[in-house]
Amino acid sequence: MTVRQGAGVFWRWWTAGTTSQVGSAVGAVALPLTALTVLDATAFQMGLIAAASYVAWLVIGLPAGVIVQRLPLRGAQVGADLARALAVASIPLAWWWGWLTVAQLVVVALVVSFANVLFDVANATFLPEIVSREQLHSRNSLTSATHAATQLSGPSLGGLAVQALGAVPTILVDAASYLVSAVLLRSLPARRVDAPDRWPPVREMIGEGWRYVTRHPVMGPTMWTATAVNFVCGAQLAIYPLYLVRELHAPAALVGVLLAVEGVGSLVGATLTPWITGRWGTARSLVVACLVSVAGAFLVPVGVGWPAYLAFAAGNVVFAGGVVVLSVTTRTYRQTASPPDLLSRVMATVRFVSWGAIPVGGLVAGALAGLVGARVTLFLFAGATVLAPLALLLSPVRSLRVDEPIAQRDEVAATR
């Protein structure tokens, strides 16, 4: 049931998300620096922390779509925000009392991971209920651009805060952002769930969403493309701080800046996505975006000294720009092409597979970096990005140009 009540609802939703994203971007710098500088974490432990941040997608990613469909969307998001706030706040408390360990960082990452799954599926399902179908592409571009801006400012602020206050106290910013988000989301209208007299079995509902996505001529291939990209992203999450601190010897403030430049690429990609897809067509834009990301991934680990910092920044920008074009285009397509009663399960299925690759990438990268070093590991994972455009070029997507032909194939896919 729709909850659209004017633009004010969207802007409150947007403000809540933006606030928590800024806090998370600050925390994304403070948490790994806490592990590295306070607890002297090893490469494998860094990979373990990165993997724990996303492993919930492998555990509850599929049933999350069913859970969200049965719960009030607003309540699911508020509850997830509160759980994340409590988990993150436990880190500075434990540090204050002298109890902080790498194991606690892993546990906190796990709690946040499980809360993220329910929040993200509910959040993606909520947006089509508060904006019109015609506005979805522009609103998705706006939210991606906003995310890019927070990625640009958040890590820079995080790096400066860590330099001034220390890594652990800076984590409190992340906890506070979740609380603000929860208060704002609580003010939104609740969706009334039109529940049937008897829900179908969970396995049956999961299977219906899985079959719809995997048999779809567009959603299936783009899901595997996103999986290849996210496998590499998982490695980057684990290895970037290690590479910058241990191999390039960058100070905390510079680490924040170098991680933040990802936001430049994301912002440019999100801003240009409507123009790119309108000019080149959706399918061609996806292939080009993937090829651009491949080039960026290979540029990241090039050079030594200051040239290495510049190469890292440039590669980070290029990689992020390509990924955002892919993300905005495919997310909007899923939201508009999926039947409303399947949307939460479609989003959960895609994220179970594609986001489930993130912890796997983090663990593999952490293990490899301990053996061959962070730079070689980044080059190896850059090679894995080639799988992303291949998944599109070897699928029916390669023969499509614009959204209309894709939409026509939806009817065929839905009946298979």
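## Model and overall make-up

The structure is a predicted model, in which local features need pLDDT of at least 70 and side-chain atom pairs count only at pLDDT 80 or more, while totals for chains, interfaces and linings use all residues. Residues are numbered from 1 along each chain as its sequence is written, and side-chain values use heavy atoms, with hydrogens and water left out.

The secondary structure of the protein chain consists of 18 helices and 0 strands, where helices (H or I, at least four residues) and strands (E, at least two) are DSSP runs numbered from the N terminus. Of the 416 residues in the chain, 57% are buried; buried means under 20% relative accessible area, exposed means over 50%, and partly exposed lies in between, with a 1.4 Å probe and protein chains only. Among the contacts (heavy atoms within 4.5 Å) with a separation of 6 or more, 88% join residues 24 or more positions apart.

## Nonpolar cores

A nonpolar core is a set of buried Ala, Val, Leu, Ile, Met, Phe, Trp, Tyr and Cys residues joined through side-chain atoms within 4.5 Å. The largest one here has 72 residues, and those with the most contacts inside it are Ile91, Ile239, Tyr243, Leu244 and Phe312. Helix α9, which covers residues 219-247, gives the most to this core, with 11 residues. Apart from it lies another core, of 27 residues, which includes Trp57, Ala115, Leu188 and Ala348.

When its neighbours within four places in sequence are left aside, Ile239 is in contact with Ala365, Gly366, Ala369, Ala374, Thr377 and Leu378.

## Helix packing

Helix α2 (residues 43-52) packs against α9 at an angle of about 140 degrees, with the axes 8 Å apart; axes are lines fitted to C-alpha atoms, for helices over the stretch in contact, and angles run from 0 to 180 degrees between N-to-C directions. The two helices α2 and α9 are therefore oblique to each other, given that angles under 35 degrees count as roughly parallel, over 145 as roughly antiparallel, 65 to 115 as roughly perpendicular and the rest as oblique. In this pair, Ala43, Met46, Gly47 and Ala50 of α2 meet Leu237, Ala238, Pro241 and Leu242 of α9.

The axes of helix α3 (residues 56-70) and helix α14 (residues 343-354) come within 8 Å and cross at roughly 175 degrees, which makes α3 roughly antiparallel to α14. The α3 residues that meet α14 include Trp57, Leu58 and Gly61, and their partners in α14 include Ala348 and Phe352.

Helix α5 (residues 102-130) has 29 residues and reaches 41 Å from its first C-alpha to its last, close to the 42 Å expected at 1.5 Å a residue, the expected span being 1.5 Å times one less than the number of residues. This helix α5 is mostly covered, since 23 of its 29 residues are buried.

Thr34 is found in helix α1 (residues 7-38) and is buried, with a relative accessible area of 0%. Beyond its neighbours within four places in sequence, Thr34 is in contact with Leu39, Leu100, Leu105, Ala167, Val168 and Ile171.

## Two loop residues with positive phi

Asp40, in the loop between α1 and α2, has a positive phi of about 55 degrees although it is not a glycine, and at 57% relative accessibility Asp40 counts as exposed. His249, in the loop between α9 and α10 (252-260), also has a positive phi of about 55 degrees without being a glycine, and at 60% relative accessibility His249 counts as exposed.
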